[in-house]
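Reader: Please take me through this entry. I will ask about particular residues first and the overall arrangement later.

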Amino acid sequence: MNKIEKYVNSVLQPKLQGDGGWVEFVSVDGDNLTLIFRGECSKCLILNRCVKWIEEQIKNDLNLSVKVNAIRKKPYFQDV
């Protein structure tokens, strides 16, 4: 598990779960970080603000600049 994946799972995910959403690490390719947003995050109207916040948190805490590619994923019973 790399540093960014560990940070997403241990720091960011619990914060988003407090609002009924969750985030899953997918991959890091260079400075592109791909995350899947589920739960309340999948239908959030201000997800772009959250994505910017995540980029800032990673910059502040890990001293890494990343660009988050956000993928919205509906609950399995809505994936049709």
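Reader: Which residues does E55 touch, leaving out those up to four places away in sequence?

Author: E55 touches V66, K67 and V68, not counting residues up to four places away in sequence. Contact here means heavy atoms within 4.5 Å. Please note that this is a predicted model, in which local features need pLDDT of at least 70 and side-chain atom pairs count only at pLDDT 80 or more, while totals for chains, interfaces and linings use all residues. Residues are numbered from 1 along each chain as its sequence is written, and side-chain values use heavy atoms, with hydrogens and water left out.

Reader: Where is E55 found, and is it buried or exposed?

Author: E55 is found in helix α2. Helices (H or I, at least four residues) and strands (E, at least two) are DSSP runs, numbered from the N terminus. E55 counts as buried because its relative accessibility is 13%. The cut-offs are under 20% relative accessible area for buried and over 50% for exposed, with partly exposed in between (1.4 Å probe, protein chains only).

Reader: Which other residues of α2 are buried?

Author: Besides E55, the buried residues of α2 are L47, C50, V51, I54, Q57, I58 and L62. Seen down the axis of α2, these buried residues fall within an arc of 160 degrees, so they line one face of the helix. The arc is taken from the directions between the helix axis and the C-beta atoms. An α-helix has 3.6 residues a turn, so residues three or four places apart point the same way.

Reader: What does that buried side pack against, and what is on the face turned away from it?

Author: The buried residues of α2 pack against α1, β2 and β3. The face turned away carries the exposed residues N48, R49 and N60.

Reader: What span should α2 have at 1.5 Å a residue?

Author: The 16 residues of α2 should span 22 Å, and this agrees with the model because the end C-alpha atoms are 22 Å apart. The expected span is 1.5 Å times one less than the number of residues.

Reader: And what comes just after α2?

Author: N63 does, with a positive phi of about 55 degrees, although N63 is not a glycine. Most residues other than glycine have a negative phi. N63 lies in the loop between α2 and β3 and counts as exposed because its relative accessibility is 60%.

Reader: Turning to the sheet, what is the strand order?

Author: The sheet is open, with three strands in the order β1-β2-β3 and mixed pairing. β1 (21-29) and β3 (67-72) are the edge strands, each pairing on one side only. Two strands pair if DSSP finds at least two bridges between them. From one strand to the next, the twist averages 25 degrees.

Reader: How many bridges join β1 and β2, and in which sense?

Author: β1 and β2 (residues 32-39) pair in the antiparallel sense over eight bridges. E24 stands opposite I36 in β2, and D29 stands opposite N32. The hairpin of β1 and β2 has two residues between the strands, and G30 takes a positive phi near 70 degrees there.

Reader: How do the helices lie on the strands?

Author: Helix α1 (residues 3-17) lies across β1 and β2, at about 160 degrees to β1. Helix α2 (residues 47-62) lies across β2 and β3, at about 140 degrees to β3. Axes are lines fitted to C-alpha atoms, for helices over the stretch in contact, and angles run from 0 to 180 degrees between N-to-C directions.

Reader: Which residues is V8 in contact with, apart from its neighbours within four places?

Author: V8, in helix α1, is in contact with Q13, V23, F25 and L35. V8 counts as buried because its relative accessibility is 0%. V8 and I58 are 50 residues apart in sequence and 8.9 Å apart in space, C-alpha to C-alpha.

Reader: Last topic: how many disulfides does the structure hold?

Author: The structure holds zero disulfides, a disulfide being a pair of cysteine sulfur atoms within 2.5 Å. The sulfur of C50 is 5.7 Å from the closest cysteine sulfur, in C41, which is too far for a bond. C41 counts as buried at 9% relative accessibility, and C50 counts as buried at 16%.
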